[in-house]
Amino acid sequence: MKPPKHAMLSTDKKVKAPPMVYIAGEEMTRYACDLMVQKWFQPYFDTTSWHYFDLSCASRDATNDQVLKDAVQAGKDIGAIFKEPTITPSALQVKQMGLKKAWGSPNGAMRRGWNGITISRDTIHIDGIELGYKNPVFFERHAVGGEYGAGWNQVGKGTLLTTYLPKEEGSPPFVVDKRDLTDDHNVVVVYHNPYDNVTSLAHLFFGRCLEAGITPYIVTKKTVFKWQEGFWATMKEVFDKDYKEKFLKKGLLDKCGGDLQHLISDAATMQLIRWTDGGFGMAAHNYDGDMLTDQIAQVHRSPGFITSNLVGKNDDGSLIKEFEASHGTVTDLWNDHLAGRDTSLNPLGLVEAMIGAMEHAATLDAERHSGDESKLQTKDQVFNFTTTLRTALHNTFRYGQGTRDMSGPSGFTTEDFIDKVAWRLGR
Ligand code: NAD
């Protein structure tokens, strides 16, 4: 019998997977992830050291959301997290699922709980297959602030005062904004952008672009939204001080006038459609990043071809990394599945997330037990496996056995694709 390509792994002696947090979600992605874990990972790894949290609406409801608090704490303790897409229940879903209340966004709680700096979203590429962008596109989305953390209410006629009370003792309060409301029906909203971590975001973004050899752009709507100037100013300051020379040396600013360029967000939406050669990166505020990365996903053929990694900072300065796909729970395919129809979920974004979390878990475990040879060996085994898995996945696409978003109507179903990759892994 031919030895398996991943010679250090075998189904006879499973490797104990390094500890990571595994967050389960809902619907089609949960179903597909269960299959992938069972058919791709568990034949080779003992996954009992994964800390498993069920963040389905039903489980959050049954535990009065204690499960979310526990997951955030475990993420802080361990530092490597894989997360399936989850549902933030709408008013209608609260009714349909019989929930006690509309539980808040678990993603928001995690971004705050892990001092989220950025959500990095990159295009996934398969050698030999042309997707939307020819070369990588990176995106850095500020992980906190903006509309997501807004306070709001509906009010009638009157005066709205937004007053700031400084924490510093003796500093007087001041009015940030005062406005007269003359309509009978108004929605008022207050939000802020916390900017302390933008310096860290800048270093992560420019460092990644420099290493990959791609040209960085900063996206805001600061021309009209004057309060966004600080984001650009910090990015530019970090760039000029630590990166400009390095980018110039590599010729990465040739196509943008030899300096870091700012793009207005509406102009960025157009460039994303035109710049299909790729080879660029963008950094933006939270909401702009949410919108623009969905656009990138469409240009690049499918939400299945985009990664989504949250980078946060622990109290000791070490990086917490959470890996997920950029898409949601794929409700439409789930409904098809429940109705007994074929589905074809592209699992690449989910798998890249599993791979990222396992690699980060193995790296942290080896660092925490420095000098322990067995941890280094496990790390090698994990990286060996993830390389093999990626090759098996890409080959399945290359041999025309991809999912239907890529291969058209003759593409594989969700289950057949997973089985095909499992077969390749076992060869
Ligand atoms: P979605 O991303 O699940 O799906 C959008 C469209 O893209 C659908 O037509 C779907 O079939 C297609 N699609 C997405 N991923 C695909 C893949 N891997 N392969 C093939 N096709 C794919 O977004 P939605 O339908 O707006 O949201 C569904 C649910 O997911 C909602 O309840 C929403 O709240 C939740 N959601 C969760 C997250 C998260 O947890 N990070 C993110 C977005 C949406």
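Domain bounds in these legends come from an automatic or database domain assignment. The model is predicted: local features need pLDDT of at least 70, side-chain atom pairs count only at pLDDT 80 or more, and totals for chains, interfaces and linings use all residues. Residues are numbered from 1 along each chain as its sequence is written, and side-chain values use heavy atoms, with hydrogens and water left out.

**View 1. Domain assignment of the protein.** Domain 1 comprises residues 1–131 + 302–427, and domain 2 comprises residues 152–190. A distance of 43 Å separates the C-alpha centres of domain 1 and domain 2.

**View 2. Polar side chains at ligand nitrogen atoms.** A polar side-chain atom of Glu 324 lies 3.2 Å from a nitrogen atom of the ligand. For His 327, an N or O atom of the side chain is 3.3 Å from a ligand nitrogen atom. In Asn 107, a polar side-chain atom lies 3.4 Å from a nitrogen atom of the ligand. On its own the ligand has 810 Å² of accessible area, of which the protein covers 67%; accessible areas come from the Shrake-Rupley method with a 1.4 Å probe.

**View 3. The aromatic pair Tyr 22 and Tyr 52.** Rings of Phe, Tyr and Trp (its six-membered ring) pair if their centres lie within 6.5 Å; planes under 30 degrees apart count as stacked, over 60 as edge-to-face and the rest as tilted. The count comes to 21 aromatic pairs. The ring centres of Tyr 22 and Tyr 52 are 5.6 Å apart and their planes lie at 20 degrees, so this pair is stacked. The pair links distant parts of the chain, 30 residues apart: Tyr 22 belongs to strand β2 (residues 21–24) and Tyr 52 to strand β4 (residues 51–54). Strands (E, at least two residues) are DSSP runs, numbered from the N terminus. Tyr 22 has 2% relative accessibility and therefore counts as buried, whereas Tyr 52, at 46%, counts as partly exposed. Buried means under 20% relative accessible area, exposed over 50%, and partly exposed in between (1.4 Å probe, protein chains only).

**View 4. An aromatic cluster with a tilted pair.** The rings of Phe 239 and Phe 247 have centres 5.4 Å apart and planes at 40 degrees, so the pair is tilted. Phe 239 and Phe 247 are both buried. Together with Phe 205, Phe 206 and Tyr 243, Phe 239 and Phe 247 form one aromatic cluster.

Technical notes
A polar contact is a pair of N or O atoms within 3.5 Å; within protein, one must be able to donate a hydrogen and the other to accept it, and residues adjacent in sequence count only if both atoms are side-chain atoms. Helices (H or I, at least four residues) and strands (E, at least two) are DSSP runs, numbered from the N terminus.
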